[in-house]
Amino acid sequence: MKKIGIVLLIIIILPIGFLIFNEIGKLSETEKVLEETYNNQLQTILFSVNQYSDDILNSWANKVNELNEDDQLLKNFINENLAIKSIFLLNDEKIESAKFIFDEKLISSSDSIKSVVKSILVSNKDLISRLAEYQKAGYRKLEPLQVNNVSDLAVVVFSKQNDNKVYTITGFVINPQEFVRKILLPRLQQISQENFIILVRDNENRFIVSSNNTNYSGQVEFEKQMWLIPHYKIGIVLTGETIQDLIRNRATNNMILIAILLLVLIAAVIFVYRAVKKELELAQLKADFVSNVSHELRTPLALISMFAETLELDRVKNDEKKKEYYSIISQEANRLGRIVNSILNFAKMEAGKRKFNFESINLNDVVENIYQTYSYHLQNKGFKFEKQLTENLPEVNADAEAISEAIINLIDNAVKYSADLKEVTLKTISTGNGVIVEVTDKGIGISPEDQKKVFDKFFRVSSGLIHNVKGTGIGLSLVKQIIEAHKGTIELVSEPGKGSTFRIILPIDLNN
């Protein structure tokens, strides 16, 4: 109640203090929030422009797939889309034997275009190889190619669906200026209207086009790379009132906040009620945690004590039996150490004192080491333990030991809650801007209600094998804290009775 009294006092003082703060016009924090919100909206606009370009290319890709590699139909398609210089077809990675389809008006320059495009394909050979693998897997992936010192064309390739055709990869040779002016410009004008100017420039900041059809060489507020034309950038220029103008105008209306802040006192009552309820729930969880930890510690200690005493009294004459007892003592000591380390690491994370050694690492190496360490142990328990590693996985900036700890916790969790179907799979995936590590099991699964709480500290699900499986309730909470410290996210996909998939997503190390 003492704490609740302090909280109530703070809740009452804060609105009064904020009123005074508001009265003297110090609104820097509010201004910052407004500016960030507005900036996010502008960023969303740039994203929508990129998404529109991507949709156009995808529609072209769908149409080309329908034309079934017919030369005349492909020529007709090129003639109908002036932004396309050529369409080329590849059989996996056989770049030299690529087949090019040209607009009749460009036949005279076809050899030059072929030479440039083949050079670009060779320099992007690894990406072409990945597309070939996608095609074999039966789905399509569309990717722009990096072009160096070539400003008058862009190259976008995609893997066709696995339809047993001669050519497995298709590409567009695009005139970027035609694409921007004929296809993208109407969309820019529709989005911008009179609120701002959207313009396109190249990487040398040379003007290409703008939504108001006027050349612009001034400062650009926000700028993003175009997804499908990497040597072009989309930018936004604000017109009329700037963000600072909006903030100053808003300051004159801040007296309205006084009435709103009065509602804070009412909200304080609700807050206190919820806080008390939460504290009681947390107290119960902590009590359960202490009970669970006590049991977790008691079991290995009892086994170690029993077998050590047996050996000390020299009651075991058989060397094989002695070896077995020593092995059990070692295993239980290691188990005890893991429990203690887990609790200590959790305490450090809660106190904000845990330090991480960030460096560029390949998650394939981390997963491989874990697999080699745990495969024999899990197979002896009757588990089918598999790994599926994506080749050429980008590196991430992470603490290898901490990430290993997180993955091992997920594996332990999968093992604990696997019933009859004992299968655990480790998988790595590259998403383009991130790397994923998945831990999948075929265990009891997690109900939708519990999925929202499994990452809360001390929480344990209340059904299934919970009565037969002991734990501290901090494993998944520790995993989440580790991943969030790496600026990553963790996702859960689960269905009761069918197993669970925990997905760790870490951002790619852009400095590598």
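Biologist: How does the lining of the largest cavity divide into nonpolar, polar and charged residues?
Modeller: The lining has 3 nonpolar, 3 polar and 2 charged residues. Ala, Val, Leu, Ile, Met, Phe, Trp, Tyr, Cys and Pro count as nonpolar, Asp, Glu, Lys and Arg as charged, and the others, Gly among them, as polar.

Biologist: Which residues line the largest cavity?
Modeller: V64, N65, N68, E69, L74, L89, K160 and T170. A lining residue has an atom within 4 Å of a cavity point; a cavity is a set of points, on a 1 Å grid over the protein atoms alone, where a 1.4 Å probe fits but cannot get out.

Biologist: What is its volume?
Modeller: About 40 Å³. A search of the whole structure finds 1 cavity of 30 Å³ or more.

Biologist: And the ground rules?
Modeller: This is a predicted model, where local features need pLDDT of at least 70, side-chain atom pairs count only at pLDDT 80 or more, and totals for chains, interfaces and linings use all residues. Residues are numbered from 1 along each chain as its sequence is written, and side-chain values use heavy atoms, with hydrogens and water left out.

Biologist: Switching to aromatics. How many pairs are there in the whole structure?
Modeller: The search finds 9. Rings of Phe, Tyr and Trp (its six-membered ring) pair if their centres lie within 6.5 Å; planes under 30 degrees apart are stacked, over 60 edge-to-face, the rest tilted.

Biologist: Why is F47 with W227 edge-to-face?
Modeller: Their planes are at 75 degrees, so the pair counts as edge-to-face, with ring centres 5.2 Å apart. F47 is in helix α2 and W227 in the loop between β8 and β9, 180 residues apart.

Biologist: How accessible is F47?
Modeller: F47 is partly exposed, at 47% relative accessibility. W227 is partly exposed too, at 33%. Buried means under 20% relative accessible area, exposed over 50%, partly exposed in between (1.4 Å probe, protein chains only).

Biologist: What about F100 and F102, buried or exposed?
Modeller: Both are buried. Their planes are at 20 degrees, so that pair is stacked, with centres 6.0 Å apart.

Biologist: Which residues form the aromatic cluster?
Modeller: W60, F158, F172 and F179.

Biologist: Last topic, the sheet. What is the strand order?
Modeller: β11-β13-β14-β16-β15, an open sheet with mixed pairing. Two strands pair if DSSP finds at least two bridges between them. Strands are DSSP runs (E, at least two residues) and helices too (H or I, at least four), numbered from the N terminus.

Biologist: Which strands are at the edges?
Modeller: β11 and β15, each pairing on one side only.

Conventions: 1 Å grid on protein atoms, 1.4 Å probe; cavity = no way out; pocket = protein on both sides within 12 Å on 5 of 7 lines; lining within 4 Å. Points joined across faces, edges and corners; volume = space filled by probe spheres on them.
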